[in-house]
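Reader: I would like a close look at one part of this model. Please keep it brisk.

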Amino acid sequence: MTADFTRNHFDLLGLPVAYAIDAQALERAFRDLQSRVHPDRFAAAGEAERRVAMQWAARANEAYRTLRHPLGRARYLLGLKGFDTGEDSNTAMPPDFLMQQMEWREAVADARGSRDREALEALKGDLGRERHEMQSQLARALGDDRNYDAGCSLVRKLRFLDRLEADIDDGLEALGDGP
Amino acid sequence: MALLQISEPGESPAPHQRKLAVGIDLGTTHSLVATVRSGAAESLADAEGRVLLPSVVRYGPGGVLAVGEAARERAADDPANTLVSVKRFMGRGVADVAKYGALPYRFVDAPGMVAIETAAGLRSPVQVSADILAALRERAEASLGGQLAGAVVTVPAYFDDSQRQATKDAAKLAGLPVLRLLNEPTAAAIAYGLDHGSEGTYAIFDLGGGTFDLSILALTRGVFEVLSTSGDSALGGDDFDQAIASHWRAHLGLADASGRDTRRLLVTARRVKERLSTEDAAEEAVTLSLGQQVHLRLTRAEFEEITAALVQRTLGPTRKALRDAGLKPADVDGVVLVGGATRMPHLQRAVEDFFGRPPLKDLDPDQVVALGAAIQANALVGNREAGEDWLLLDVTPLSLGLETMGGLVEKVIPRNSTIPVARAQEFTTFKDGQSAMAIHVVQGERELVSDCRSLARFELRGIPPMVAGAARIAVTFQVDADGLLSVSARETTTGVAASVVVKPSYGLTDDEVARMLREGFDHAGEDRDARALAEQRVDAEGIVAAIGAALAADGDLLEAGERADLEARVAATAALAKGTDHRALKAAIEDLNRASEAFAARRMDRTIHRALAGRRIDDVAR
């Protein structure tokens, strides 16, 4: 018999199904749940209980990981509302966003090419501010506006930013690991 | 006992119920065992009062086995049969071992993992490690006066799946009841955090004999949460010895030194390195195998110059761990030094410069890992005292993925995911009527399969005939609390269960472990049946007590018939535990485990319902 996995992440952690989240309440709920189901609590128990504990602890980790990050939370919430963010299939983007993306990409490539740590750090800072702005928009779209189509579009944009940041991090890593 | 504590938090077991539990640090250069006595963790010494057991095993002619100091004394004159730093070979193939340079061993490319030809026959690194662990188990049993109920064995945080599996196999071979594999820096954090009542963000800088780990942890009241970990499982104090030895070889014209002389140079290099932590220069005289005497000297300045690159190599993983945790060096509230190699002054300076604060080194860097493991073992086995209710959340150090078209890696579980973790990925067929699919599991951060470590190859057979792209193959990765991966695959549209064949690319198969287990008992002349019976009895006692407590707490979750059935099986197991048939006992335990699965699941559901209900009451109260 497998554990009852039908509860959604919000329910599992006893939180309202909403994008706006109390980060401290989320963390508290996660730790409370994990302290009850973690395999460390069952290390001396029978095999069956250890297995069930592992499934639930993995489930709790998944719920926490998804809800903790704004992008993951938005994507999951949209999924619950029946909206597919289409991040892999839908690549249509407004032209001004695409323009800006291209500029960013060039700037990152230049900074990586010239091994310019400061420039990469600066770009990372800019990206952080842009992300912050988009997250505010996302909060409005998924909150009072209930504009889920706009939410999907913002999730796709944020995904772009994430990829760009990974690119910057790779560049920084290449610099940092050198002799 | 763990079950009782769920219903009665903070209740500590009666003194006579305390179970014997130990933590073991299986190190590259030395190993040790610790336990918790009277509420404090302490290392256990051997009959001569020594705590550190050199991780050296000698397999002499005629089946002579020596472990520890006795073996180390022979390292210089019998290098080929005296195996040191074998931890570096765990879960590794011949190609991996080649990068350690000239070693005085006869390596054999055994299937799965490298093996070493000795005067006593072929030895796998797993068997060598098992001999070290068995010595520590015997020490602990003699010191504590009884059979161990549980052990926590530490591994470098950056160990990959094959290295972890090899360590777990070694513990099994050594007859240790393994409760958990624990990451070394995390163990150090437990010892440090509980000792100092620390809160905040800590970096654990752990440079051992052969491995380097850097873990970032958030310590809050009762929770040790690993935010990220990074490292280099082939960088340690040994490399500093090698650097000194190469320096001498180059400057004294000893380029073609024999195996014995190589070992002598390394032993001397290690002594000189240790002296240079407090002295400005050191010199030692060594007589080489041809009778020639050489004076080996080194100043601290020279030492720092020839090892500067090694020190720098620690900073790359350090940056990576910080970046993965989303932190800057200044965000770290404390840096804890672990591992004997962190005694080197220039390394300490480099760490201080990087973090902008002096590192913490008030706990013995050689013992802190074993002490932390002992504390964890004590808690896991059920000896938790009231107020000792802490939670440990660790992560997986390397990304896990699958090979896709074109030799590319599709990551399924990214590095630094909190464990345990389970995630599924869907794949489909490439050709019409395709009935089988090869699944290649890899670990690493690179995009190309060839740059990652191959963990296993599976073949999923029996896929029903469908057009290309119609089948839905769900491949599920599951990493348990030991950081060990298991992979399963099934076709979801038809629900047809397909078989999975596992061929480990590195590491030993279950059959090999079973064979070594048999050989080990023959070799040690131990009574295998007696040992097996003792182990099964410990298991039986545990499960009988656990289910008894579970029935007392939540027996109402079962129908009368179900309860009677479970109770009958408990009684049967308890009766067999009084007998001497270990095979029948093992079967009864397995049967009991199976029979209690549904009950375990229902109990966990109740726990979660109560947690949710409790939280709602909290919310109302607030």
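How much space lies in the second largest cavity?

Author: About 40 Å³ of space lies in the second largest cavity. The model is predicted, so local features need pLDDT of at least 70, side-chain atom pairs count only at pLDDT 80 or more, and totals for chains, interfaces and linings use all residues. Residues are numbered from 1 along each chain as its sequence is written, chains are lettered from A and ligands numbered from 1 in the order written, and side-chain values use heavy atoms, without hydrogens and water.

A cavity is a set of points, on a 1 Å grid over the protein atoms alone, where a 1.4 Å probe fits but cannot get out; lining residues have an atom within 4 Å of a point. Points are joined across faces, edges and corners, and volume is the space filled by probe spheres set on them.

The lining of the second largest cavity includes F159(B), D160(B), D161(B), R164(B) and T396(B). P397(B), L400(B), Q443(B), V479(B), G483(B) and L485(B) also line this cavity. By class, five lining residues are nonpolar, three polar and three charged. Here Ala, Val, Leu, Ile, Met, Phe, Trp, Tyr, Cys and Pro count as nonpolar, Asp, Glu, Lys and Arg as charged, and the others, Gly among them, as polar.

Now the wider setting. The structure holds four cavities of 30 Å³ or more. Of its 15 lining residues, R180(B), L392(B), D394(B), I419(B) and A481(B) are the closest to its centre. Its lining has six nonpolar, four polar and five charged residues. Strand 12 of chain B gives the most to that lining, four residues. Strands are DSSP runs (E, at least two residues), numbered from the N terminus.

Conventions
On a 1 Å grid over the protein atoms alone, a cavity is a set of points where a 1.4 Å probe fits but cannot get out, and a pocket is an open set with protein on both sides within 12 Å along at least five of seven lines; lining residues have an atom within 4 Å of a point.
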